[in-house]
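Colleague: Please take me through the fold and the charged contacts of this protein.

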Amino acid sequence: MNAPLKVVWPLLIFVLLLSRICSGQQHPQPLPSVTDATGEKLKGLDESLNFIQHRLTKSISDLLWFQRLQEIAIVDKIRYVGPPPPPQNEVQRTITTNGVVIGAYTFLPRKPPRARKLPLIVLLHTEVHGDFNPEDDLRVTRELIEQGYAIIAPDYRGSTGYGGDFWRLIDYGGRENDDVFLARQWMLEHYANLDPRRVGIMGWSHGGAIALMNIFEHPEAYAVAYAGMPVTDLVFRLKQKEAPYRELFSVPYHIGKTIDQDPDEYLRRSPIFYADKLRTPLLLHAVANDEDVSPAEVDRLAQAFRQKGKQFQYKVYGNIDPGHAFNKLDTAEARASRLEIYKFFAQFLTPARPLR
């Protein structure tokens, strides 16, 4: 690095950090009048700062989990190994055969019932590059623990908060599903007081898609499932989305092709492709004013189930603000919807203290 850049670089870092704090933008606007090389360095710096910010946020989130639930639950964060990244090309086939380290949160009720094993919930976070965090997931987690459920909540590959390398391991509709199933396996292997016949899986949006893929791939492993406003059909979905969202999938470290170049691959990563495999009791939700996962997309899966003669429960809510994942909020409508979910699960998992 030449002398001027050595002097300016710390100042640029400060400016970028300050712009984030002041504007709240995850991706600040590029600085004008810079060379291509400097622009690339600034772009790389911005990305690095973004991942650092996510790591700091994640550290705070971890502390909040322990602080907010310590009275009712034994909280831990564990790490286990998922399968190696799938090879994207011939060069990558020789890079590594090592598994991917996955972090997960575990919650055990502090007052378990005597002489009775606990039911287990595999609880999944939302968003393609999301994470399990108190802002989004605390309410549901608390309510499940209070009913007497044990919980494992994995931050499967591609989740935010673990750095850029982990973020780029995203494998939508692929080995992220394996990461989730292995979370279930880890929990049952390490806690003898859990009942392997009473395991449920629950997810919203992208997490709902993973819940569906898990019950299709491992129908014997789950007694019941919930998919709230789930992504069901990537081909249908992406054709309605803007370019930045579609590009999350077509980048070289992910699918590597656009949906027009390989629609079959996108369909293979979609729950609707496996509708004939439904064996697990399932509750499916959609909401009319959902601007993320449209009710039309969820309805496509429901229609596929009906065509295959599958049994499931399905409800489409009317216009309820803010639409997508409305039932994770602290509103009367959200609480009523969650009670429907909990009653459905209680039929199959019989928790010690079900909500009435």
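Predicted model: local features only at pLDDT ≥ 70, side-chain atom pairs only at ≥ 80, totals over all residues.

Modeller: Residues are numbered from 1 along each chain as its sequence is written, and side-chain values use heavy atoms, with hydrogens and water left out.

Colleague: In what order do the eight strands form the open sheet?

Modeller: Strands here are DSSP runs (E, at least two residues) and helices are runs of H or I (at least four residues), both numbered from the N terminus. Two strands pair if DSSP finds at least two bridges between them. The pairing is mixed, and the order is E1-E2-E4-E3-E5-E6-E7-E8.

Colleague: Which strands stand at the edges?

Modeller: An edge strand has a single partner strand, so one of its sides is left without a neighbour in the sheet. The two strands in that position are E1 (73-82) and E8 (313-317).

Colleague: At what angle do helices H5 and H6 pack?

Modeller: Axes are lines fitted to C-alpha atoms, for helices over the stretch in contact, and angles run from 0 to 180 degrees between N-to-C directions. The axes of H5 (residues 175-190) and H6 (residues 206-217) are 9 Å apart. The two helices are therefore roughly perpendicular, a term for angles of 65 to 115 degrees. The packing angle is about 75°.

Colleague: Is aspartate 137 buried or exposed?

Modeller: Buried means under 20% relative accessible area, exposed over 50%, and partly exposed in between (1.4 Å probe, protein chains only). The relative accessibility of aspartate 137 is 2%. Aspartate 137 therefore counts as buried.

Colleague: Which residue meets aspartate 137 in a salt bridge?

Modeller: A salt bridge is a side-chain nitrogen of Lys or Arg within 4 Å of a carboxyl oxygen of Asp or Glu. Here the N to O distance is 2.8 Å. Aspartate 137 lies in helix H3, and its partner, 191 residues apart, lies in the loop between E8 and H11. That partner is lysine 328.

Colleague: How many residues apart in sequence are the parts tied together by lysine 241 and aspartate 292?

Modeller: The side chains of lysine 241 and aspartate 292 meet in a salt bridge at 3.9 Å, N to O. Lysine 241 lies in the loop between helices H7 and H8, and aspartate 292 in the loop between E7 and helix H10, so the parts tied together are apart by 51 residues.

How values were computed. Parallel < 35°, antiparallel > 145°, perpendicular 65-115°, else oblique.
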